[in-house]
Amino acid sequence: MGLLEGKVAIVTGAGSGIGKATAIRMAQEGAIMVVVDIVPDAGQETLATIKERGAEGIFVETDVTNCDHVERMVDTVKNNYGQINILHNNVGVGGSKAAHDTSEENWDRIINGCLKSVFLCCRTIIPMMLKNAGGTIVNTASVLGLVASPKQSAYCAAKGAMVLLTKQMAVDYSALGIRINCVCPSDISTPTHQRFFASREDPEAVRRSLMERHPINRFGKPEEVAEAVLWLASDSSSFVTGVALPVDGGLTAW
Ligand SMILES: NC(=O)c1ccc[n+]([C@@H]2O[C@H](COP(=O)([O-])OP(=O)(O)OC[C@H]3O[C@@H](n4cnc5c(N)ncnc54)[C@H](O)[C@@H]3O)[C@@H](O)[C@H]2O)c1
């Protein structure tokens, strides 16, 4: 029997990268998957992989920064499955700059994508979890929610706030049966990560300098973050709540 047998699990941003790896891994452990993404083709592709491997699920096209979209997505899950046991808030957007170079529009885009999306999904789903005898929530923060980095003003602000929102919600809801944790990945080889390098003047130099900050001497894989998310979402971590778990090859160890 799988670790998540029969549980209904929502993964946001499941069309690519870490979210895709997590949705596929959770399905492998018996979860009924709700694949959420703003890009239909990407979400459908993840769902197709899940189904090819014999698991069950649906794709719900959703912009998780939009309150109406989130409510509609949750209604769809309610109508299909009647419960939500696991929520992985994974959507995040990059493109940060130094504070003096950040337009109001860019600030809002990053704060909404990384932080408001988590608030909206939690606000809408927690009441259902409370009625259903609990659940688990895992947020994808970042090592940039734990330590600062050059020219990452809005992203660091959003991810730092996400770490503390995770802890704060754990304080409110753990005694009521909802454990809430976050993972803090460092550099993980995903499409966003590739775009980040491509946007730099000297991608190879940036790649080398980031690699040197990892004691493990490599970048991570989405599947390695998925394992940590799976553990936090499952009963295997039953006494763990309010934690910001680095998944970073040792980057924050020095
Ligand atoms: N890749 C890294 O190195 C890294 C490091 C630390 C933290 N993270 C965090 O991990 C998470 C996933 O990153 P990734 O690299 O896998 O990204 P990715 O770009 O590969 O995937 C993100 C997915 O989210 C979807 N998405 C974007 N905005 C959305 C919205 N408003 N509503 C619904 N879906 C939306 C995209 O369509 C895409 O499928 C993000 O929160 C990111 O900040 C990534």
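Select A133 to begin: this residue sits in the loop between α4 (104–131) and β5. Helices (H or I, at least four residues) and strands (E, at least two) are DSSP runs, numbered from the N terminus. The structure is a predicted model, in which local features need pLDDT of at least 70 and side-chain atom pairs count only at pLDDT 80 or more, while totals for chains, interfaces and linings use all residues. Residues are numbered from 1 along each chain as its sequence is written.

A133 is exposed, having 11 other C-beta atoms within 10 Å. A residue is buried if 20 or more other C-beta atoms lie within 10 Å of its own, exposed if 12 or fewer, and partly exposed in between, with C-beta atoms placed from the backbone.

Next, display the strands. Seven of them form an open sheet in the order β3-β2-β1-β4-β5-β6-β7, with parallel pairing. The edges are β3 (57–61) and β7 (244–247); each has a single partner strand, so one side of each lacks a neighbour in the sheet. On average, neighbouring strands of this sheet are turned by 20 degrees against each other, direction ignored. Two strands pair if DSSP finds at least two bridges between them.

Select β5 (residues 135–140) and β6 (residues 178–185), which pair in the parallel sense over six bridges. I137 has I180 in β6 as its bridge partner. Helix α5 (residues 153–173) packs on the sheet and touches β5, β6 and β7; its direction makes about 165 degrees with that of β6. Axes are lines fitted to C-alpha atoms, for helices over the stretch in contact, and angles run from 0 to 180 degrees between N-to-C directions. Two residues are in contact if their C-beta atoms, placed from the backbone, lie within 7 Å.

Move to β1 (residues 8–12), which pairs with β2 in the parallel sense over five bridges. Here T12 stands opposite V36 in β2. Strand β2 (residues 32–37) is mostly covered, six of its six residues being buried. Both of its faces are covered: I32, V34 and V36 are buried on one side, and M33, V35 and D37 on the other.

**The core**

Now select A9, M26, M33 and V183, which touch the most other members among the 72 residues of the largest nonpolar core. Such a core is a set of buried Ala, Val, Leu, Ile, Met, Phe, Trp, Tyr and Cys residues joined through C-beta atoms within 7 Å. Helix α4 gives the most to this core, with ten residues. Not counting residues up to four places away in sequence, V183 touches V138, T140, A141, V225, A228, V229, L232, L245 and V247.

**Two loop residues**

K151 is in the loop between β5 and α5. Although not a glycine, K151 has a positive phi of about 60 degrees. K151 counts as exposed, with 12 C-beta neighbours inside 10 Å. N217, in the loop between α7 (203–212) and α8 (222–233), likewise is not a glycine but has a positive phi of about 65 degrees. N217 is exposed, with 9 other C-beta atoms within 10 Å.

**The ligand**

Finally, select the ligand. It is surrounded by 29 residues, the closest being G13, G15, G17, G92 and T190. A residue is near a molecule if its C-beta atom, placed from the backbone, lies within 6 Å of it. Helices α1 (17–28) and α6 (191–198) each supply at least two residues of this shell.
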